[in-house]
Amino acid sequence: MTLKNTNTRYGSVTKLLHWAIFILFFGQYTTATIMTWMDPGTTVFGVGSASWITWHKSLGLLILGLVLMRLIWRKTTRLPDWADGLAPWEKTTIHLVENGLYAVMILMPLSGMLMTAAAFLEGRRDDAPPSREEVAEALSGNLCRCTGYVKIIEAVQSAADEIAKETAR
């Protein structure tokens with residue numbers, strides 16, 4: 001089995017990325033289902049709701065990273081030739097569905113991050129803009145601390161500053 005795609009088959013890297021994303025989607029669905037069925041203060045399999053939410057967010061960002069890797073891989077390696085006998089409309093439909101799936105796989109984790117930031121800003125009782133540490137803590141379930149999402153933290157702080165200015169008027 002080759003790493004790269006050939007004109008007749010997908011390579012092992014493409015297959016690995018495909019199945020890793022599929023398995024993570026299953027995990028994502030499972031954590032979402034569990035956390036939405038849970039009552040506050042309860043546990044499922046000994047895990048509290050906050051931990052399920054953190055797992056859900058972490059899986060979402062891991063999926064996002066793998067999807068971006070898959071897109072880069074797809075754009076830098078050849079694809080197998082189309083199957084014989086596919087009509088032009090079928091090829092067009094396949095492209096549309098594939099692009100739609102990529103859009104969903106990219107937009108869903110980003111929307112989750114935005115919802116977390118919005119919930120943090122909306123839930124603040126203090127009119128003063130949050131500190132960098134408060135923002136980092138609020139987004140900690142979304143952001144791996146090892147990668148340093150400085151611009152995202154700055155954007156949330158900027159939004160908080162704008163909200164504070166609007167509130168002061």
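This is a predicted model: local features need pLDDT of at least 70, side-chain atom pairs count only at pLDDT 80 or more; totals for chains, interfaces and linings use all residues.
Trainee: What makes the pair formed by Trp 19 and Phe 22 edge-to-face?

Mentor: The ring centres of Trp 19 and Phe 22 are 5.3 Å apart, and rings pair if their centres lie within 6.5 Å. Their planes stand at 80 degrees; an angle over 60 counts as edge-to-face, so the pair receives that name. The structure holds one aromatic pair.

Trainee: Where do Trp 19 and Phe 22 lie?

Mentor: Both belong to helix H1 (residues 12-37), three residues apart, which is about one turn of the helix. An α-helix has 3.6 residues a turn, so residues three or four places apart point the same way.

Trainee: Why is Trp 19 called partly exposed, and why does Ile 23 count as exposed?

Mentor: The relative accessible area of Trp 19 is 47%, which falls between the limits of 20% and 50%, so Trp 19 is partly exposed. Phe 22, at 48%, is likewise classed as partly exposed. Ile 23, also found in helix H1, has 56% relative accessibility; exposed means over 50%, so Ile 23 counts as exposed. Trp 19, Phe 22 and Ile 23 form a nonpolar patch on the surface, and together they have about 360 Å² of accessible area.

Trainee: How do you know that Gln 28 is buried?

Mentor: Its relative accessible area is 13%. Gln 28 lies in helix H1 and touches His 56, Leu 59, Gly 60 and Ile 63, leaving aside residues up to four places away in sequence.

Trainee: What makes the contact between Arg 74 and Glu 98 a salt bridge?

Mentor: The side chains of Arg 74 and Glu 98 meet at 2.9 Å, N to O, and the limit for a salt bridge is 4 Å. The pair links distant parts of the chain, with Arg 74 in helix H2 (residues 49-76) and Glu 98 in helix H3, 24 residues apart. Both residues are buried.

Trainee: How many salt bridges does a search of the whole structure find?

Mentor: The search finds two. Arg 78 forms a salt bridge with Asp 81, where the closest N and O atoms are 3.0 Å apart, again within 4 Å. Arg 78 has 42% relative accessibility and therefore counts as partly exposed.

Trainee: How do you know that the span of helix H3 agrees with its number of residues?

Mentor: Helix H3 (residues 88-122) has 35 residues, and at 1.5 Å a residue these should span 51 Å. The end C-alpha atoms are 49 Å apart, which agrees. Among the buried residues of H3 are Tyr 102, Met 105, Pro 109 and Ala 117.

Trainee: What separates the C-alpha atoms of Ala 155 and Ala 117?

Mentor: A distance of 9.7 Å separates them, although the two residues are 38 residues apart along the chain. Ala 155 is found in helix H5 (residues 150-168). With a relative accessible area of 47%, Ala 155 is partly exposed.

Trainee: Why is Phe 45 called exposed?

Mentor: The relative accessible area of Phe 45 is 73%, and the cut-off for exposed is over 50%, so the term applies. Phe 45 is found in the loop between strand S1 (43-44) and strand S2 (47-48). Its phi is near 55 degrees, a positive value in a residue other than glycine.

Technical notes
Residues are numbered from 1 along each chain as its sequence is written. Side-chain values use heavy atoms; hydrogens and water are left out. Helices (H or I, at least four residues) and strands (E, at least two) are DSSP runs, numbered from the N terminus. The expected span of a helix is 1.5 Å times one less than its number of residues. Buried means under 20% relative accessible area, exposed over 50%, partly exposed in between (1.4 Å probe, protein chains only). Rings of Phe, Tyr and Trp (its six-membered ring) pair if their centres lie within 6.5 Å; planes under 30 degrees apart count as stacked, over 60 as edge-to-face and the rest as tilted. Patches are made of residues with over 30% relative accessible area and no salt bridge: like charges are joined within 9 Å, nonpolar side chains (Val, Leu, Ile, Met, Phe, Trp, Tyr) within 5 Å. Accessible areas come from the Shrake-Rupley method with a 1.4 Å probe; for residues, only the protein chains shown count as cover. Contact means heavy atoms within 4.5 Å.
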